Amino acid sequence: MTDPSTPSAEDLSGSIVVVGGGGHACAILDVLDGINRWEVLGLLDPALEPSTERYGVRVLGGDEALKPLVDRGCNVAIGVGQVNTSSPRHALFQRLREMGARLPAIVSARAYVSPRATLGPAVQVLHGAIVNADASIGANTIVNSKALIEHEATIGADCHISTGAIINGRTSLGPRTFLGSGAVVLQSLELSSDITVGAGAVVARPLTRPGTYVGVPARPLP
Ligand SMILES: CC(C)(COP(=O)(O)OP(=O)(O)OC[C@H]1O[C@@H](n2cnc3c(N)ncnc32)[C@H](O)[C@@H]1OP(=O)(O)O)[C@@H](O)C(=O)NCCC(=O)NCCS
């Protein structure tokens, strides 16, 4: 395995590191194992002891270890998830972009993404998810395990479509929107930015205001 701590100018464009050491990092490492496209050098998280192991890979350090890797062309996968707020994941995405990091879309070998669909940088499509024809997924959005994005749906940047959620055809979601597990959004609806939809909700009408919506049909959480 390439030793990322060696001070050589070796090109690392065939390698990848995961930034973040929590549960989402665990899921992303599993996706990376399955696609076998990049050599996984390890993960970076300032809260973890360098040179230890986490999820079977080496902890490379914190922020100080990131820039030298990025400068050598190493790809980066964001291992920070998004549940209550999109802010930490978005801030990390912005910082990595400013650093010039390569942030490829990452698609599980067990997902289906139509060749007619469009994925932005740092999009992550996990096991069993489907992104159908002419769907478009904005930068840094997570399409989690078994989620379904139907034809011509448009998902903004920094969204999280949680496990098993369904977005039907021609529906559009604004940026920073979170869909809980198993939530369903009916076809041809428009949802504004900064919306949270609770697990199991069914969105049957357009949602024009940021806020949290739960239930069947989905109503604002008082
Ligand atoms: C909707 C959600 C974001 C609300 O979280 P919250 O603001 O912390 O709200 P609370 O847990 O305090 O619940 C507030 C009220 O809404 C109800 N509620 C919470 N989530 C609900 C849901 N999904 N459907 C219906 N009612 C829900 C609670 O029972 C509570 O009702 P009460 O006031 O009568 O007791 C959260 O409950 C949720 O569904 N998160 C999604 C989790 C998920 O899918 N994670 C996937 C990760 S991949």
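The C-alpha centres of domain 1 and domain 2 sit 23 Å apart. Keep in mind that this is a predicted model. Domain 1 covers residues 15-99, and domain 2 covers 106-209.

**Where the domains meet**

- Domain 1 puts 20 residues into the contact, and domain 2 puts in 18 residues.
- The size of an interface is often given as the accessible area lost when the parts come together.
- Here, about 1500 Å² is buried between domain 1 and domain 2, and carbon and sulfur atoms give 60% of that area.
- Which residues of domain 1 lose the most area to domain 2? They are Val31, Gln82 and Arg89, and together they make up 35% of what the domain 1 side buries.
- Looking for salt bridges across the interface of domain 1 and domain 2 turns up 0.
- Polar contacts do show up across this interface: there are 8 residue pairs, with both residues at pLDDT 80 or more.

**What the domain 1 side is made of**

- Helix 1 (23-35), strand 5 (75-78) and helix 3 (87-99) each bring at least two residues to the side of domain 1 that touches domain 2.
- Helix 1 gives the largest share of that side, with 8 residues.
- Sorted by class, the side of domain 1 that touches domain 2 has 11 nonpolar, 6 polar and 3 charged residues.

- Now for the strands: 6 of them build an open sheet, with parallel pairing, in the order 7-10-13-16-19-22.
- What are the edge strands? They are strand 7 (112-113) and strand 22 (202-203), and each pairs on one side only.
- Strand 22 runs parallel to strand 19 (residues 184-185), and 2 bridges join them.
- Valine 185 has valine 203, in strand 22, as its bridge partner.
- In a regular strand, side chains alternate between the two faces of the sheet.

- Strand 21 (residues 195-197) pairs with strand 23 (residues 211-214) over 3 bridges, in the parallel sense.
- Threonine 196 finds its bridge partner in strand 23, at threonine 212.
- Strand 23 also pairs with strand 24 (residues 219-220), this time running antiparallel, with 2 bridges joining them.
- Across that pairing, tyrosine 213 has proline 220 of strand 24 as its bridge partner.
- How many residues lie between strand 23 and strand 24 in their hairpin? There are 4, and glycine 215 in the turn has a positive phi of about 95°.

Note on methods:
Residues numbered from 1 in each chain as written. Predicted model: local features only at pLDDT ≥ 70, side-chain atom pairs only at ≥ 80, totals over all residues. Heavy atoms only, no water. Domains from an automatic or database assignment. Contact = heavy atoms within 4.5 Å. Buried area = accessible area lost by both parts, 1.4 Å probe. Salt bridge = Lys/Arg side-chain N within 4 Å of Asp/Glu carboxyl O. Polar contact = N/O pair within 3.5 Å; in protein donor to acceptor, adjacent residues only side chain to side chain. Nonpolar A, V, L, I, M, F, W, Y, C, P; charged D, E, K, R; others polar. Pairing = 2+ DSSP bridges.
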